[in-house]
Amino acid sequence: MNVLKVSRWTIAAFILPCLIVYVGLVFVPILVSLYSGMLDWNGIGKSTFVGFHNYVKMFTHDSVFWPSVRRTFTLAGFSMLVQVPIALFVAVLITRFVRRPNFLVSSYFLPVILSVAIIGQLWKTIYNPASMGGMINGILTSLGLESWTHSWLTEPKIAIYSIILVSLWQYLGYHILIQFTGIQNIPSEIYEAAKIDGADGFKADRYITLPMVLPILKISIVLSFIGSLQSFDLIMVMTGGGPAHATEVLASHMYNMSFITMKYGYGSAIANVLIAMCLIATVLINALFNRLDKRYS
Amino acid sequence: MTKRKMKWFGMAMTGVLAFSLSACGGGGSGTTNNASGDGGKTEPAANASTDSSKPAENITITFQNIYPDASDPKNQMMKKIVDAYEKEHPNVKIELDSLNTDQQKLKLKTQAASKEVPDITVVNPAAQMQPFVDADLFAPLNDMVEQNGLKDTFQSGILDYYTFDGNLYALPDGNNIGVVYYNKKLMEEGGVKVPTTFEEMLEAVKTLKGKGIQPMVIGEKDSWTGSFLFMNILLRTNGGPGFLKDVLDGKKTFEDPAYVAAIKAFEDLVQAGAFQDGATSFDYNAGENLFKTGKAAMYYMGSWATGGIETAEVSKDGNVGVFQFPTVGGKGNPDEFMLAPGSAFAISKDSEHLQETKDFLNYFMLNFPKEAFEAKGAVGIAQNVDGDFKAAGYSDMAMNVLDLFKKVKGGDLAFDNTMNPGTTQAHLSGTQSLFVEQKDPAEVAKELQAAYEDNK
């Protein structure tokens, strides 16, 4: 601080506007929702204070809540354990084998900038029954694999995986871009030195790229986890949480409860659980990576 | 037309946490801008003439509505009436807030939470508007509806659905019934006749299916569509209207044989292969489009769909007919219909210009039937229409629908107009689940009863 030679008050004055906006848009709503999570309230009329009743009901009585949690974590799991590693692998391959990678990376990134509504409609058409021109079922049929055809979005057991696949496909490019940038930032001298020592190809990746890209990988993992917890739009567009709650995740359950079923208080309680999960997960992921960091440094 | 729920794509923001999400109400929001843009243009003119003639105060009335589609006759009609009113009352500016149905519902709920209801807004009848009335958000219109004989233009009894404790709170733009549209050509190809009983309907479904013709279509992603059909079956198995009311009065439960029988019949229909594959991923528009493009033989929907089907490809050469939903198991009277009193205009109690707003809405509703008739949108409006439909060029199908209206001898309202939102959601997802797996009807009924007691 003293290096800057400005008084603390000046610093405070410059930070203040941003701080106020941040507190006003993030912390105040969270506090309000903590309060409204304890109300029995339809969002319009009078409300009654019910304490933790909403939470008790959520954890013990709500037949949709736990399956939604499970699906949310399934999505997060696929995203962190499948999508991010694939993205890293692709990023490594691009760095190594592609001379002008920009075009390729941009193409992978393309789905990210498309509106989810468009992606949802696109994939709905792809998943359609063959009689409605669905591409996947059409291909399966023409290969003589009729028994493999499904109505991908309406069979309760597989519908959520069909959506997860779309989600993975859409954000793969996002993570490739992040990893790719991370790898690019590793100084080439290290690789040259390693080459002299006999570490080349995938060996170099194992002992240089992976440890060096770890902080970036952490960002990717945290982003994909939080993104999965918040996943909502794709599900709304593709199935609306149906059939019969089979593709409901926490965020869509919260939305349905708050605005469709008009239990605003209960919806807020779900939102609070979601916030808590995000916080806990972020802390856990941070701790995990700190350990990994120590091991490699 | 009126109560139709145009689900383009999911658009939403989730309240306090403000997870804002991408929207694609392209057509909707675009028109909104146009609409308010037009309003803006008329303002200078209004000011100018006010200065010279009357010293009246300049006021702006916000008119929230669900006619966002500029190609929809309702939208053109609304603009026409609004323009005429603004010419007559240079000091009044009507600002249009045109949204599609789902956006409007969400917006109103958000506005209601902060007590910022627009001067005029749109609500749905009976149980759906109850929370708003309980929150004391709307102005009673008892005096206004008497002015200029507006009350007498409405069909008898229709205003009851918008009346609470003797106070009328909203004026409906529509009144519809549930009917079955059918594609004459496909029915002929399949060699089936218009069914007069539910059992014949099942047979027809199987015959059509056997010949590779899609028997029926439905947009079950919007689960109210299946519920609407289901409720019509219930209206028959119950031997008449009033089942839900009996449940509310504690005289019956959802485990009543009539309700279980209705689930059974509905399951039979689904299991017979009546509906298209993947029905639960088709939204309302997508489902209806299958019928409109001639891909299905039958389509159960409210008569608000008449306009859209009439102008579609499939209706060429009078190819589409309508019939009443048949009896189920020999029970029920086909002259009892699913009734769908439409969405309705309500006025905010806290409106800054309450009197002017009332005057405008009075004018609007008085001119509504005439303009609707001219725009060929008068099938299924809530007011009486003077005029010869046939001579005005309405299609045979529209005439058929109008004839069915004359047969109506009572009926039931949709589930969500009778029950609270919590029970409604349980019912909707229960009905939707019948599309994807075969369940024990008694079990489904039991679950709903539990949800009902939970939400009481």
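**Entry 1: the model.** I note that this is a predicted model, in which local features need pLDDT of at least 70, side-chain atom pairs count only at pLDDT 80 or more, and totals for chains, interfaces and linings use all residues. Residues are numbered from 1 along each chain as its sequence is written, while chains are lettered from A and ligands numbered from 1 in the order in which they are written.

**Entry 2: I233(B).** I looked up which residues I233(B) touches, leaving out those up to four places away in sequence, and found A262(B), A265(B), F266(B) and V328(B). I233(B) sits in helix α9 (residues 224–237) of chain B; helices (H or I, at least four residues) and strands (E, at least two) are DSSP runs, numbered from the N terminus. Is I233(B) buried or exposed? I count I233(B) as buried because it has 26 C-beta neighbours inside 10 Å. The cut-offs are 20 or more other C-beta atoms within 10 Å of its own for buried, 12 or fewer for exposed, and in between for partly exposed, with C-beta atoms placed from the backbone. I also checked T327(B): it is 94 residues from I233(B) in sequence, but the two are 8.2 Å apart in space, C-alpha to C-alpha.

**Entry 3: helix α8(B).** I checked the length of helix α8 (residues 198–210) of chain B. Its 13 residues should span 18 Å at 1.5 Å a residue, and its end C-alpha atoms are 18 Å apart, which agrees. The expected span is 1.5 Å times one less than the number of residues. The buried residues of α8(B) are F198(B), M201(B), A204(B), V205(B) and L208(B). They cover an arc of only 105° around the axis, so they lie on the same side of α8(B); the arc is that of the directions from the helix axis to the C-beta atoms. Their cover includes α7 (184–190) and α11 (257–271) of chain B. After α8(B) comes G212(B), with a positive phi near 75°.

**Entry 4: strand β10(B).** I found five of the five residues of strand β10 (residues 298–302) of chain B buried, so the strand is largely enclosed by the rest of the structure. β10(B) pairs with strand β9 (residues 175–183) of chain B in the antiparallel sense over five bridges; pairing requires at least two DSSP bridges between two strands. Y182(B) has M298(B) as its bridge partner in β10(B).

**Entry 5: chains A and B.** I looked up how many residues meet here: 45 of chain A are in contact with 35 of chain B. On the side of chain A that touches chain B, α11(A) gives the largest share, seven residues.

Note on methods:
Contact = placed C-beta atoms within 7 Å.
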